[in-house]
Amino acid sequence: MITCGWCGTHYPSWRSKCDSCGGPMPPKPGHELGTAPPAVPRPLPAGYEMRTRFFNFGVLLGLGFTLLPGFIVAVLITQGKWLPALFPLLFLLGGISLFKYGWGKAAGIIKAFRHGTAVAGKVAALNLDMTQSVNGRHPWRLVYHFTVDGHNHEGVVTSFDSTLADRRSGQPIWVLYNERDPNQNTLYPPMKYF
C-alpha cells in the first residue's frame, strides 16, 4: 500500500501524482533521485498546511493539556481557591509549551515546503518504530542526512507507507531546508503521513 504524504490517500500501486489532492508522489524506491522540487514559492496541495499545523503530536497534546486544566484553573479561581489552582496551572503551562513547540515545528515544515532550498540528501537508516503502534501496526522510521555548507544535518520521518521498507541506506532523496535554520527541514515530496 502506497500512501500520499500530502493527504493520506492510500493506493495499491505507485503513481506519479495523487488523484485526490494532486500532489506529487515520492519516486519509486531505488537509486533515482526523482524530479527536482519546483521553484519557490511552491504551492501546497489543498488541506496540507492545515493538517500539518493542527494534526501533529505537540499541538494535539498541547491542546489537551491546555483546555481541560485551563477550565479547572478558571473554576477554582472563581471559587477563590487559589492554592488548589496551582496544581492544574502547572499542566496548563506545560500544555502551552507543547502547543508552541508543535506549532513552531509545523510552521518550520510549511516554510521549508514553500520557500526552502532544495538539496540532495541520502537515506541513512530505516527501521520499524516499535515505540509506537496504531491498530497493532508499527510505523516505519526513516532517518536521512544532508549537507549544508560543509555541515551535516539529519531529519526523521515516521510513516505507515509500506514502500518505505523498500528504501535502502544510501538512496538519494530530495530535502528542503530553511536557510536560516537547516534543522527545519522536510523531504520532498513528503513521505510522512502519521
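Mentor: Read from the N terminus, the elements of the protein follow the order β-β-α-α-α-β-β-β-β-β, where helices (H or I, at least four residues) and strands (E, at least two) are DSSP runs numbered from the N terminus. This is a predicted model, in which local features need pLDDT of at least 70 and side-chain atom pairs count only at pLDDT 80 or more, while totals for chains, interfaces and linings use all residues. Residues are numbered from 1 along each chain as its sequence is written, and side-chain values use heavy atoms, with hydrogens and water left out.

Trainee: Which element of the protein has the highest mean pLDDT?

Mentor: pLDDT is the predictor's confidence in each residue, from 0 to 100, and its mean over the protein is 90, with 98% of residues at 70 or more. Among the elements, strand β1 (residues 2–3) has the lowest mean, 82. The highest mean, 95, belongs to β6.

Trainee: Are α2 and α3 roughly parallel or roughly antiparallel?

Mentor: Helix α2 (residues 57–78) and helix α3 (residues 82–115) pack at about 155 degrees with their axes 7 Å apart, the axes being lines fitted to C-alpha atoms over the stretch in contact and the angles running from 0 to 180 degrees between N-to-C directions. Angles under 35 degrees count as roughly parallel, over 145 as roughly antiparallel, 65 to 115 as roughly perpendicular and the rest as oblique. The angle therefore makes α2 and α3 roughly antiparallel.

Trainee: How many nonpolar residues does the contact of α2 with α3 have?

Mentor: Ala, Val, Leu, Ile, Met, Phe, Trp, Tyr, Cys and Pro count as nonpolar, Asp, Glu, Lys and Arg as charged, and the others, Gly among them, as polar. By these classes the contact of α2 with α3 has six polar residues and no charged ones, and its nonpolar residues number 20.

Trainee: How much space lies in the largest cavity?

Mentor: On a 1 Å grid over the protein atoms alone, a cavity is a set of points where a 1.4 Å probe fits but cannot get out, and lining residues have an atom within 4 Å of a point. Grid points are joined across faces, edges and corners, and a volume is the space filled by probe spheres set on the points. The structure holds one cavity of 30 Å³ or more, and the lining of the largest cavity, which includes W14, D161 and R167, divides into five nonpolar, one polar and three charged residues. The space in this largest cavity is about 40 Å³.

Methods
1 Å grid on protein atoms, 1.4 Å probe; cavity = no way out; pocket = protein on both sides within 12 Å on 5 of 7 lines; lining within 4 Å.
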